[in-house]
Amino acid sequence: MRVDVVMPQMGESIAEGTITRWMKQIGDTVSRDEPLFEISTDKVDAEIPSPAAGKLIEIKNAAGETVPVNQVVAVLETDANAAASAGPAAPAAAEKAASPQAPPPPPAAAKPAAAPPATAPAAPAVSFAPGARIERQPMSAMRKKIAEHMIESRRTSAHVSSLYEVDMTRIVKMREAYKPVYQERHGTKLTMTPFFVKAACDALRAWPIINASVDGNDIVYKKDLNIGVAVALDWGLIVPVVKNADELSIAGMTRKINDLAERARAKKLLPDEVQGGTFTITNPGIFGNLFGLPIINQPQVAILGIGGIEKRPVVVDDAIAIRSMMYLSMSYDHRVVDGAVADQFLAMVKKGLQEFDESLL
Amino acid sequence: MKRLLCAFLGRVPYAEAVGLQESLVDRVRRGEAADTLLLLTHPPVITLGRTTKPGHVLIEDAARVARGIELHEAGRGGDVTYHGPGQLVGYPIVALSGERRDAHRYLRDLEEGLIAAAAAFGVQASRLAGLTGVWAGPEKLAAIGVRIGTGWVTSHGFALNCGSDLSGFEAIVPCGIGDRAVTSLSRILGREVSPEEAAPRTASAVAAALGYEAAWGDGAVAAGSGRGVSWPPSPGDAP
């Protein structure tokens, strides 16, 4: 039986290959998976194993020739004995995606042009019909990192979430009042983030388990409060870390956070500035979302989500009042943080925000 | 995560490194050895890819011999390259599987790993479209040339320029790209970075880009090479 040997597809974006060397000559016998020829594409040389056992009876393209993927480059004759076993051998070769070669097209498809590309499972790409309305793009390095990180976190931690409602009216007013002062005195824009970082730091000191991580059967309590602040980017997401956040004044913290966020957008963060976080704050409310249930930033055990702030009618002292309200969510790792602890931590963050000490500004 | 056995072998003559790779490729294909990243340096050597154009070796044979530079043909992709002291050479011997069985994907993964390794030193490196390798601005920081054997087992790999002495490159047109200069971590940082120093972070970054976790070991590699590991870097050094 005659078996065609085709130029294999070595990658989704590879359309052709240059034959650099034939390891076998016409008349030589080869066993299946024995190297038959070598090809070169871009910066890759590849050794192509024979798709079947047999005698090499025809070489269609000499070394040096560049050949499109799936074109027949040689023909093998499996002898009488081998032919008897060729039936089972051919499907076996097709199943064995372990070899880089594309399996030969079925013998019926004698003409190379008749060999449909879909018979090349060696190509990792899904071959799709012409005109299919999709566009395939490789993930960026950052996208891949985010994807791996998120899945890894879901696999690692027992995620549970708690949700609190916080009256932000005082802080909203304070921020309005101090915004021009900050611009003038500190040369930086006072945002809401420093208020959250400050309230979180105070509560983390009271509940050190929230600032911990899990290492095997140990719980590792982190003495430093290194607060990651998630920054949304057009091309993804990054979490720069405010190191020893509890040691900074509100002005210092504001400058630090703004500087990190700006450099994150300018792609100028140093590797050290996105590492070593012990707790993360993320802001899913930025586009008006009420609240999010974020994924924990490993190896941390909790992540605080800041919802959108909006005016709502609420009951204050048995009267209906208009207040600036916000949902505060936290996802935590139930392996080490129980609901009672998480809730007391959140209650403390809530109190810290509602009763924020104006003298700190 | 899968573990990539990493070892720094110190200075290894080119021919010996080729032999070590061939034996590891066989053993990895048969499942007798773990996927491995060999890290080493070479004595001065010019290696030719199968597609090397003759004019890309600039140095005369006599001058080359006088300078103690060896010449070898390498069964890898790419054009001519130079290896020498001050350059961290990495040979990942790994069995690609699943969606990673894509030659271009593999090149891009190696580039990603090397860019991350440079970033770990505070050096911003990038790809240049159409030119495989890793670049700092317009200058070449790392070269890549690989081989994929039966069973999608890789060999050859990358060379990251660490030290400041780049004079060996004068003997060649790097990778056949005439108008591009070479640079190194030391040149960029203004302090001497040795291949030994670069090895741990490079191993971690390349392992991660290939979907592995770097694990430092000497047993399997040393047994295969008859060569001890001269410097087992601590994984704690990795970022």
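# Exercises on a two-chain model

In the strand β11(A), Val220(A) is the bridge partner of Ser213(A). This is a predicted model, in which local features need pLDDT of at least 70 and side-chain atom pairs count only at pLDDT 80 or more, while totals for chains, interfaces and linings use all residues. Residues are numbered from 1 along each chain as its sequence is written, and chains are lettered from A and ligands numbered from 1 in the order in which they are written.

## Exercise 1: a hairpin

Task: Find the sense in which β10(A) and β11(A) pair, and the number of bridges.

Solution. 
Step 1. Helices (H or I, at least four residues) and strands (E, at least two) are DSSP runs, numbered from the N terminus. Here β10 of chain A covers residues 212–215 and β11 of chain A covers residues 218–221.
Step 2. Two strands pair if DSSP finds at least two bridges between them. β10(A) and β11(A) have four bridges and pair in the antiparallel sense.
Step 3. Two residues lie between the strands of this hairpin, and Gly216(A) takes a positive phi near 60°.

## Exercise 2: the sheets of chain A

Task: Give the strand order of the four-stranded open sheet of chain A and of the six-stranded one.

Solution. 
Step 1. Chain A has six helices and 18 strands.
Step 2. The four-stranded sheet has the order β1-β8-β6-β3, with antiparallel pairing.
Step 3. β3(A) is joined to β6(A), residues 54–59, by two bridges, and the two strands run antiparallel. Thr29(A) has Lys55(A) as its bridge partner in β6(A).
Step 4. The six-stranded sheet has the order β9-β18-β17-β16-β12-β15, with mixed pairing.
Step 5. β12(A), residues 227–229, and β15(A) run antiparallel and are joined by two bridges. The bridge partner of Ile227(A) in β15(A) is Val242(A).
Step 6. Helix α6(A), residues 339–354, packs on this sheet, where it touches β9 and β18 (319–333) of chain A, and its direction makes about 25° with that of β9(A).

## Exercise 3: a loop residue

Task: Decide whether Asp28(A) is buried, partly exposed or exposed.

Solution. 
Step 1. Asp28(A) is in the loop between β2 (16–22) and β3 (29–30) of chain A.
Step 2. A residue is buried if 20 or more other C-beta atoms lie within 10 Å of its own, exposed if 12 or fewer, and partly exposed in between, with C-beta atoms placed from the backbone. Asp28(A) has 13 other C-beta atoms within 10 Å, so Asp28(A) is partly exposed.
Step 3. From C-alpha to C-alpha, Asp28(A) and Lys55(A) are 5.7 Å apart in space, although 27 residues apart in sequence.
Step 4. For the whole of chain A, 35% of the 361 residues are buried.

## Exercise 4: two helices of chain A

Task: Classify the angle between α4(A) and α5(A).

Solution. 
Step 1. Axes are lines fitted to C-alpha atoms, for helices over the stretch in contact, and angles run from 0 to 180 degrees between N-to-C directions. α4(A), residues 193–206, and α5(A), residues 250–265, pack at about 120°, with their axes 9 Å apart.
Step 2. Angles under 35 degrees count as roughly parallel, over 145 as roughly antiparallel, 65 to 115 as roughly perpendicular and the rest as oblique. The two helices α4(A) and α5(A) are therefore oblique to each other.
Step 3. Residues are in contact if their C-beta atoms, placed from the backbone, lie within 7 Å. Thr193(A), Pro194(A), Val197(A) and Lys198(A) of α4(A) meet Ile250(A), Met253(A), Thr254(A) and Ile257(A) of α5(A).
Step 4. Ala, Val, Leu, Ile, Met, Phe, Trp, Tyr, Cys and Pro count as nonpolar, Asp, Glu, Lys and Arg as charged, and the others, Gly among them, as polar. The contact of α4(A) with α5(A) has five nonpolar, two polar and one charged.

## Exercise 5: the interface

Task: State which element gives the most residues to the side of chain B that touches chain A.

Solution. 
Step 1. In chain B, 28 residues are in contact with 24 residues of chain A.
Step 2. On the side of chain B that touches chain A, two or more residues come from each of α3 (103–120) and β9 (139–149) of chain B. With seven residues, α3(B) gives the most.
Step 3. By class, this side of chain B has nine nonpolar, 11 polar and eight charged residues.
Step 4. β5(A), residues 44–49, and β9(B) run parallel and are joined by three bridges. Val146(B) in β9(B) is the bridge partner of Val44(A).

Conventions
Two residues are in contact if their C-beta atoms, placed from the backbone, lie within 7 Å.
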